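I opened a notebook on this structure and wrote down what I looked up, in order. The entries start with one term and then go from the whole chain to its parts.

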Amino acid sequence: QLWVKIVSPPSCLDGATPIVDPADGTTLSVKERWLLGKSFNVWSRLEDGSTGICSALPPQQYPEEQIYEVTFRPERTIRVTGGHRLWTGAAYRDLLAIRKEMELSGPYPVLVITDPSKSGSITTEVIVKISPLKVDHYYDFQVPWIHNYWACGLFHHNTGKSTLAEALSGNRKYILAK
């Protein structure tokens with residue numbers, strides 16, 4: 001067996017981030033789901049661009065890291081780490097790269113889906129501010145094979161590490177990104 005450890009910048013969520021399970025109708029924070037330690041379901045963006053319900057592994061808690069508050073227009077916020085990747089409507093972009101672009105060109109547009117079960121619920125909102133908020137534990141969970149989930153109106157990539165591990169392997173059938 002060959003083992004490879006891949007390390008990347010923290011790319012995860014604040015513990016208070018609400019995560020909807022569309023199969024059982026619950027909304028719990030990612031920290032609450034971590035405390036339960038059970039798999040759950042999420043909305044995911046599928047390879048063909050449609051949305052579907054996928055199974056997520058139990059969340060993991062990680063050491064303290066800088067958490068940023070991302071403010072959108074209209075007034076909406078999310079809290080994530082600097083390496084966290086958001087779906088912009090064209091690609092996944094990490095938060096600190098978006099922040100650098102905003103320094104040069106101002107507000108940053110992203111695709112927002114208010115209800116992933118309905119095709120007509122897609123709008124564009126703009127990120128108007130990204131501010132350091134606190135240093136705290138952060139949380140991540142994996143959606144095997146799909147590697148994304150919907151939370152707070154946005155699709156989030158669960159990590160870059162799993163994608164890199166699969167690219168290095170060349171064969172998803174025999175690789176488990178954990």
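Entry 1, a term. Before reading any side chain, I noted that a residue counts as buried under 20% relative accessible area, as exposed over 50%, and as partly exposed in between. I also noted that the model is predicted.

I looked up R99, which is found in helix 2. Is R99 buried, exposed or partly exposed? Its relative accessible area is 27%, so R99 is partly exposed. Leaving out residues up to four places away in sequence, I found R99 touching Y68, I130 and P132. I also checked R99 against I127: the two are 28 residues apart along the chain, and their C-alpha atoms are separated by 9.2 Å.

Entry 3, the whole chain. I counted 3 helices and 13 strands. The chain has 178 residues, and 40% of them count as buried.

In soluble globular proteins, nonpolar side chains tend to be buried together. I looked for such groups here. The largest nonpolar core has 27 residues, and I19, V42, V70, I127, I130 and F141 have the most contacts inside it. Among the elements that each supply at least two residues of this core are strand 4 (40–45), strand 6 (60–73), helix 2 (95–105) and strand 11 (122–140). A second, separate core has 6 residues, including W43, W87, Y92 and F155.

I looked up the contacts of V70, leaving aside neighbours within four places in sequence; among them are R76, I78, V80, L95, I127 and I130. T71 has its place in strand 6. T71 has a relative accessible area of 11%, and because the limit for buried is under 20%, T71 counts as buried. With neighbours within four places again left aside, T71 is in contact with R76, T77, V126, I127, V128 and K129.

Which residues of helix 2 are buried? I found L95, A97, I98 and M102. They cover an arc of only 155 degrees around the axis, so they lie on the same side of helix 2. The face turned away from that buried side carries the exposed residues K100, E103 and L104. What covers the buried residues includes strand 6, strand 7, strand 10 and strand 11.

I then checked both ends of helix 2. At the N-terminal end D94 is the cap, with a side-chain oxygen 3.3 Å from the backbone nitrogen of L96. Just after helix 2, G106 takes a positive phi of about 85 degrees.

In which sense do strand 4 and strand 5 pair? I read the pairing as antiparallel, over 6 bridges. N41 stands opposite S55 in strand 5. The hairpin of these strands has 5 residues between them, and there G49 takes a positive phi near 90 degrees. Strand 5 has a covered face with G52, C54 and A56, and an uncovered face with T51, I53 and S55.

Conventions: Residues numbered from 1 in each chain as written. Predicted model: local features only at pLDDT ≥ 70, side-chain atom pairs only at ≥ 80, totals over all residues. Heavy atoms only, no water. Helix = DSSP H or I, 4+ residues; strand = E, 2+ residues; numbered from the N terminus. Buried < 20%, exposed > 50% of the residue type's maximum accessible area, 1.4 Å probe, protein only. Core = buried A, V, L, I, M, F, W, Y, C linked by side-chain atoms within 4.5 Å. Contact = heavy atoms within 4.5 Å. Arc of directions from axis to C-beta. Polar contact = N/O pair within 3.5 Å; in protein donor to acceptor, adjacent residues only side chain to side chain. Pairing = 2+ DSSP bridges.
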